[in-house]
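Biologist: I would like to learn how to read helix packing from a model. Could we take it one feature after another?

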Amino acid sequence: MSEDCALERTRRRFLAATGSTVMLAGCISETEETSPTGVVNSWLDEHGETEQEAVDQYASGNDALEASNYSRAMMHFERATNSYESLEKALERELESYENGNETWELFSTLRQYYSFIRRASTWRYSAAYERSVNDDLVASDEALATSDDRFERAEELKQEFREMMDN
């Protein structure tokens, strides 16, 4: 195995452990590049930095929220939301290149749904921090967190579904 391939596996394992969808092991051969999973892997590689930024900002926002640093949490969740929204838009453009229902379209569509739900989770977490910071409203903050948790759970379900689709 080449050193580049080993480095790519290590990078993907790290990203998968931090919640990123870029989790596929191995390097893509020339014949795999045109397969649905190869096409999706290439897209993920192209957008890996944006996704990692979103994951990092979401995690930092959670840390700040737990530390009751609401203004910092809001900043991180806003950045995470913007990054996930950017990924969603990029996927919407990519989906236009494929016929509805084919395997590549299904993979991209599931990934877009994942980004949509994780973006909504981030947006609701921003709202929770805002309610605590600006309005000092614990009830509204708790409601926003509950909604965020629901969106996050659905995002995790979609991420698992996406991984299973990629493994088949």
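Biologist: What covers the buried residues of α2?

Modeller: Buried means under 20% relative accessible area, with exposed over 50% and partly exposed in between, using a 1.4 Å probe and protein chains only. The cover of the buried α2 residues includes α3, α4, α5 and α6. In α2, the buried residues are Gly38, Val39, Val40, Asn41, Trp43 and Leu44. This is a predicted model, where local features need pLDDT of at least 70 and side-chain atom pairs count only at pLDDT 80 or more, while totals for chains, interfaces and linings use all residues. Residues are numbered from 1 along each chain as its sequence is written, and side-chain values use heavy atoms, leaving out hydrogens and water.

Biologist: How many helices and strands does the protein chain have?

Modeller: Helices (H or I, at least four residues) and strands (E, at least two) are DSSP runs, numbered from the N terminus. The protein chain has six helices and zero strands. Of its 168 residues, 43% are buried.

Biologist: Which residues touch the most other members of the largest nonpolar core?

Modeller: In soluble globular proteins, nonpolar side chains tend to be buried together. A nonpolar core is a set of buried Ala, Val, Leu, Ile, Met, Phe, Trp, Tyr and Cys residues joined through side-chain atoms within 4.5 Å. Here the largest such core has 33 residues, and Trp43, Tyr84, Leu111, Tyr114 and Tyr115 touch the most other members. Two or more residues each come from α2 (36–46), α3, α4 (70–95), α5 and α6 (138–167).

Biologist: At what angle do the axes of α3 and α4 cross?

Modeller: Axes are lines fitted to C-alpha atoms, for helices over the stretch in contact, and angles run from 0 to 180 degrees between N-to-C directions. Angles under 35 degrees count as roughly parallel, over 145 as roughly antiparallel, 65 to 115 as roughly perpendicular and the rest as oblique. The axes of α3 and α4 cross at roughly 155° and come within 8 Å. The two helices are therefore roughly antiparallel.

Biologist: And how do α3 and α5 cross?

Modeller: The axes of α3 (residues 48–66) and α5 (residues 103–133) cross at roughly 30° and come within 11 Å, so this pair is roughly parallel.

Biologist: Which residues of α3 meet α5?

Modeller: Contact means heavy atoms within 4.5 Å. From α3, Glu51, Tyr58, Asn62 and Leu65 meet α5 residues including Tyr114, Tyr115 and Ile118. By class, this contact has seven nonpolar, two polar and two charged residues. Ala, Val, Leu, Ile, Met, Phe, Trp, Tyr, Cys and Pro count as nonpolar, Asp, Glu, Lys and Arg as charged, and the others, Gly among them, as polar.
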